[in-house]
Amino acid sequence: MKTDEIINAGSRFLAYFSHDIRMPVSGIMGMADIALENMDDKEKLLECLNKIKSSSGYLLSLANNVLDMVQYGSLEFHTINKPFNINRFINNCISIFSGLLYNREINFVTNCPALPVTKVYGDELHLGQVLVNLFENSVKYTHNGGEIRFETEEIRYDKNSVTYCFIISDTGIGMSEEFVNEIFEPFSQERADDSVKYSGNGLGMAIARQFTELLGGDIKIDSKKGKGTISKVTITFGIDKSFDMEETNSREARFDGMNILVVDDSDINARVICELLKQRGANAVMALDGESAIGLFKDSEINFYNVILMDITMPGMNGLEAAKAIRSLEREDALNVPVFAMTGNVFKDDIARCRKAGMDGHLIKPVNLDELMAKILKYQNR
């Protein structure tokens, strides 16, 4: 029975989204609990914070994807083909997986050597949803004392594309041969022994197959009752051959001598960004509204500011108006200074309006530090 025969598009969308959003939230809560239990262990706290950050980024991507769908009146899922760092993606997956294992005595083994082709074109979000769904199934159906493995390997390579395989295996309860043939059907669940109760809505594997097919990939399940399950996802990616400053280690970057104007009506947000920039050697100047930003720029020496980070939603003159006003000033640096939008408005129309106002880039709030640093580095070295 097909999904469309069970529930309409709107109900299916809500079921899928509610299922997927629950997993990163579980990971965040698990890591927060671990952190609270290890307040005196700085190394453990740092590990938990990094994993919370990974899960939060995944959760934000899910939200952005849903908002895009609602904006354009579509409840159908579409792929997003853009460049991303496959090794960083894998590390983020491992962080999310670790959070899902909180309070479970399961041995988690990874065999994920750095993949040789790092920058690829593909759909990072939907691939992540596939792997998280598969991993959650392994966690759910593996008893304490068992083991779950996450492995990656290169299958095929040519000058334009590379094929990678992602493998999640466990020593869990496994499935019968008959049920393996039905596992991708929505809401399907194999009847377990009455002494063992497993919660779930039977959507995880249906989501995994739908998204894998959207990505042009292949998913295979091999399982034996009482022995465990092996899930393999094979995806072919285009190779991104362009040089991207994002590949530099932006967290270790220095911005000595750079003057950066940070415009945000939230005093806390502005101070946080300024402090991060100052720690890396920049001279960060703060403005709490559009009018102040224009005044600071007008009163500065020519070419004093290397970058402007501009919030969009501000009382009085908003960021779009302030950017237009700066671009219209009669001074030689007005048209050349890089201006990046900082905003919670994530729709494509909002990005287009930022471009039309003369902005060079778009940073979604909460601003990702790596992305911010990568953008600044591009202009620092141009």
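Arg327 is buried, with a relative accessible area of 12%; buried means under 20% relative accessible area, exposed over 50%, and partly exposed in between (1.4 Å probe, protein chains only). This is a predicted model, in which local features need pLDDT of at least 70 and side-chain atom pairs count only at pLDDT 80 or more, while totals for chains, interfaces and linings use all residues. Residues are numbered from 1 along each chain as its sequence is written, and side-chain values use heavy atoms, with hydrogens and water left out.

**Salt bridges**

Arg327 pairs with Asp360 in a salt bridge (a side-chain nitrogen of Lys or Arg within 4 Å of a carboxyl oxygen of Asp or Glu). The two residues lie 33 apart in distant parts of the chain, Arg327 in helix α10 (residues 319-327) and Asp360 in the loop between α11 (348-356) and β12 (361-364). Helices (H or I, at least four residues) and strands (E, at least two) are DSSP runs, numbered from the N terminus. Asp360 is partly exposed at 25%. The structure holds six salt bridges, including these:

| Salt bridge | N to O distance |
|---|---|
| Arg327 and Asp360 | 2.8 Å |
| Asp267 and Arg271 | 2.8 Å |
| Glu151 and Arg149 | 3.7 Å |

Asp267 and Arg271 are four residues apart in helix α8 (residues 267-279), so about one helical turn separates them. Asp267 is partly exposed, with a relative accessible area of 31%. Arg149 is also partly exposed, at 28%. Shared partners join Glu147, Arg149 and Glu151 into one salt-bridge network.

**Aromatic pairs**

Eleven aromatic pairs are found in the whole structure. Rings of Phe, Tyr and Trp (its six-membered ring) pair if their centres lie within 6.5 Å; planes under 30 degrees apart count as stacked, over 60 as edge-to-face and the rest as tilted. Phe84 and Phe237 are edge-to-face, because their planes stand at 75 degrees, with ring centres 6.0 Å apart. Phe84 belongs to strand β1 (residues 82-85) and Phe237 to strand β7 (residues 228-239), 153 residues apart. Both are buried, Phe84 at 3% and Phe237 at 2%. Ring pairs link Phe84, Phe89, Tyr164, Phe166 and Phe237 into a cluster.

**Helices α4 and α5**

Phe89 also takes part in the contact (heavy atoms within 4.5 Å) of α4 with α5, where Phe89, Cys93, Ile96, Phe97 and Leu100 meet residues including Leu127, Leu131 and Phe135. The axes of α4 (residues 86-100) and α5 (residues 124-140) come within 10 Å and cross at roughly 35 degrees. Axes are lines fitted to C-alpha atoms, for helices over the stretch in contact, and angles run from 0 to 180 degrees between N-to-C directions.
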